[in-house]
Amino acid sequence: RELTKEKESLDALQERYTTILANKEISVQKEIMDSIMNATNRVNARYGADYVIATSLGSAIICANPEYDITNEVIKELNDSYKKSHK
């Protein structure tokens, strides 16, 4: 009986921490996406593009003209923002 009670307690604790972890992952993913979107918008303010398309794995874009690729500038913007916020 005691072992069953302890197992139930541990199962409940595992479920609680699993939920906490899942919520934290969602929060971190949202924070990352917000950072990427903000950096992209700041970089795009210099270009005035109508569209900025993600070309990550699984994207519908198979090839693109590298002349219009602003990925490195967005990454630089993200890094600059990160450095400023952690001084």
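Is Glu77 buried or exposed? At 18% relative accessibility, Glu77 counts as buried (buried means under 20% relative accessible area, exposed over 50%, and partly exposed in between, with a 1.4 Å probe and protein chains only). Before we go on, keep in mind that this is a predicted model, where local features need pLDDT of at least 70 and side-chain atom pairs count only at pLDDT 80 or more, while totals for chains, interfaces and linings use all residues. Residues are numbered from 1 along each chain as its sequence is written, and side-chain values use heavy atoms, leaving out hydrogens and water.

So where do we find Glu77? Look in helix α2, residues 71-85 (helices are DSSP runs of H or I, at least four residues, numbered from the N terminus). Leaving aside residues up to four places away in sequence, Glu77 touches Ala39, Arg42, Val43 and Arg46, where a contact means heavy atoms within 4.5 Å.

One of those neighbours is a partner too: Glu77 forms a salt bridge with Arg42, with the closest N and O atoms 2.5 Å apart (that takes a side-chain nitrogen of Lys or Arg within 4 Å of a carboxyl oxygen of Asp or Glu). This pair links distant parts of the chain, since Glu77 is in helix α2 and Arg42 in helix α1, 35 residues apart. Arg42 itself is partly exposed, at 35% relative accessibility.

Now meet Glu73, which makes a salt bridge with Arg46, the closest N and O atoms being 3.2 Å apart. Glu73 sits in helix α2 and Arg46 in helix α1, so this pair ties together parts 27 residues apart in sequence. The whole structure has five salt bridges.

Conventions
Helices (H or I, at least four residues) and strands (E, at least two) are DSSP runs, numbered from the N terminus.
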